[in-house]
Amino acid sequence: MQYDNGGELLVAHLESLGIDTVFGIVSVHNLPLVEAVDRHLRFVPVRHEATAVNAADGYGRARGSIGCALTSTGTGAGNAAGSLIEALSAGTAVLHVTGQVESQYLGSGRGFIHETKDQLGMLGAVSTYAATVTSARDAGHVLREASAAALATPGGPASVEWPIDLQYAAQADAGEAVPSGGAPSPHAAELAAAQALLAESRRPLIWAGGGARHARRELAALLEATGAGLLSSNSGRGSVPEDHPLVIGNFATDPAVRALLADADVLVTIGTHFRSNETADYNLKLPGAHIQIDADAAALGRVYPARHALHAEAAAVLPALTGAAVRADADWSARVTAVRDEVRAALHDDIGPQAALCDALAAALPRGAVVARDVTIPSSSWGNRLLPIHDPRANVFPRGGGIGQGLGMGIGAALARPDEPTVVIAGDGGLAVHLGELLTVAQERPRLTLIVFNDGGYGVLRNMQDKYGERRSGVDLFTPDFGPLAAACALPYARIAAPEEAAPVLEVALASDGPTLVEVDLTALGPMKNPFTPPVKIPAA
């Protein structure tokens, strides 16, 4: 195929991936790409390159596919690096296309505008794949190779740097396919031993991580066949809808769930990497009879020993386990459901007046609607655990733990699914990191409800300092008056200052066909019963 320039080639490639919306910032070093996208697709001009990647990430997660971000070279590509780290941590598919200086000046160190030393090395450090377009004949192949790498298992962001002279050049694309790597296959003996172990089990538990989101039907079949309890990491939430009576969810470190783990006679884990914050800094005890399934060979046995390590994609291997499974003891399944109800009731009580917001969101949101959660106390305490998730594509949050990324992810998700409401849960501190993206929301008018929990700073770290230290440092921040701020951005505004206000305010906001900024005044609302502190170790003096 022949294309007038690189932008026309890029558009053709994006259309082949089903991408209709691209996020980025226009620059002298990506102008042909942006102009072509804007002609044929939807180009969303975000206000920071980090948001371009976050929005592309959220777009891909909400669709269960891939998103695309366009940035400039040098500082622009550097600005995107933090968000690429998030996509790399989460294993989510993002095609990041960045400009580059003219090919004749690459690596010359002349100080060409927007040039940076070893940009490809920088991108390689924060991407699962990074490459340079070296001619107008290889751009199509590089784009296909990058997208294939992003969509592979375990996947992640793929970065392509494209010299500006080669963007303007006419493109000749041979269209050759990119070879795909074969799917991993477990050793037959290990699989047979895992089947035998599961066939003997009467008190089974399953732990679903992010790798389970591509095996929803197969996981549900195993759950029904065994009557096991289903735990999840934060990334695995929604792999089975969380209103299922056997879904305990993201409560592995709760005392009642620890007791279940202690009494279980087998644990099947699926695509979870046992992150520190979900295993009490790796102090959570798991059963010795552990069957671990993961498509990433490096993950097998890395954190916890696996009696039977199955290197495979979950959808391929779960039916073999289901076929060998027997039903759990009836009193075990009943205990699982009782624990599920117990941990939810305890958390609901513990968060005090914020329970009204959780309940109102659960009641007003359509089933499967996206809830994008920034790193903030409401997300960490109840948004990541108690607010029900019924579809993994609705479960959008920064898995790497970086603050300030939630709004960008929510913008991408809202534009990926324009016919249903999207909610963003953010704190005033996290929102301030990318406050300029309120202008993107004002310009693009997505169906997005931004709920800002305002406690005047970094509440998580404030609680840690109050609990473990004698003074506060860097946690109390100036916070804008969100009503006038919303008005300046032409955004509808509402305020919640009492539990009884949560349901009516959120019902109106979620019924809107455009954006709304909802401020939750945490001082007026009142405190949780117990201040939330993150599950991290503070060395004793």
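1. Five elements, namely α3 (49–63), α4 (75–90), α6 (139–151), β13 and α11 (314–324), each give at least two residues to the lining of the second largest pocket. The largest share comes from α4, with three residues. The model is a predicted one, and the points below should be read with that in mind.

2. The volume of this second largest pocket is about 950 Å³. Its lining is made up of 45 residues, and those nearest the centre are G91, P154, G210, R213 and H214. By type, the lining residues of the second largest pocket split into 17 polar, 16 nonpolar and 12 charged.

3. How many cavities of 30 Å³ or more does a search of the whole structure find? The search finds three. The largest cavity holds about 50 Å³ of space. The residues around the largest cavity are L407, L438, V441, L448, L450, L491, P515, T516 and L517. Eight of the residues lining the largest cavity are nonpolar, one is polar and none is charged. At least two lining residues of the largest cavity come from each of α17 (437–444), β18 and β20 (516–521).

4. The second largest cavity has about 40 Å³ of volume. L230, S232, G236, R237, G238, S239, V240, E242 and V247 form its lining. In the lining of the second largest cavity, three residues are nonpolar, four are polar and two are charged.

5. Aromatic rings are the next topic. With ring centres required to lie within 6.5 Å, the count is four aromatic pairs. In one of them, the ring centres of W207 and F274 are 5.3 Å apart and the planes stand at 75°, so this pair is edge-to-face. W207 belongs to strand β9 (residues 204–208), while F274 sits in the loop between β12 (266–270) and β13 (290–294); the two residues are 67 apart, and the pair links distant parts of the chain. Are these two residues buried or exposed? W207 counts as buried because its relative accessibility is 0%. F274, at 2% relative accessibility, is also counted as buried.

6. W382 and F453 also make an edge-to-face aromatic pair, with 6.2 Å from centre to centre and 70° between the planes. Helix α14 (residues 377–383) holds W382 and strand β18 (residues 448–454) holds F453, so the pair ties together parts 71 residues apart in sequence. Both W382 and F453 are buried. Strand β18 also supplies at least two residues to the lining of the largest cavity.

7. Finally, W207, F274 and Y304 are linked into a cluster by ring pairs.

Definitions and conventions:
Residues are numbered from 1 along each chain as its sequence is written. This is a predicted model: local features need pLDDT of at least 70, side-chain atom pairs count only at pLDDT 80 or more; totals for chains, interfaces and linings use all residues. Side-chain values use heavy atoms; hydrogens and water are left out. Rings of Phe, Tyr and Trp (its six-membered ring) pair if their centres lie within 6.5 Å; planes under 30 degrees apart count as stacked, over 60 as edge-to-face and the rest as tilted. Helices (H or I, at least four residues) and strands (E, at least two) are DSSP runs, numbered from the N terminus. Buried means under 20% relative accessible area, exposed over 50%, partly exposed in between (1.4 Å probe, protein chains only). On a 1 Å grid over the protein atoms alone, a cavity is a set of points where a 1.4 Å probe fits but cannot get out, and a pocket is an open set with protein on both sides within 12 Å along at least five of seven lines; lining residues have an atom within 4 Å of a point. Grid points are joined across faces, edges and corners, and a volume is the space filled by probe spheres set on the points. Ala, Val, Leu, Ile, Met, Phe, Trp, Tyr, Cys and Pro count as nonpolar, Asp, Glu, Lys and Arg as charged, and the others, Gly among them, as polar.
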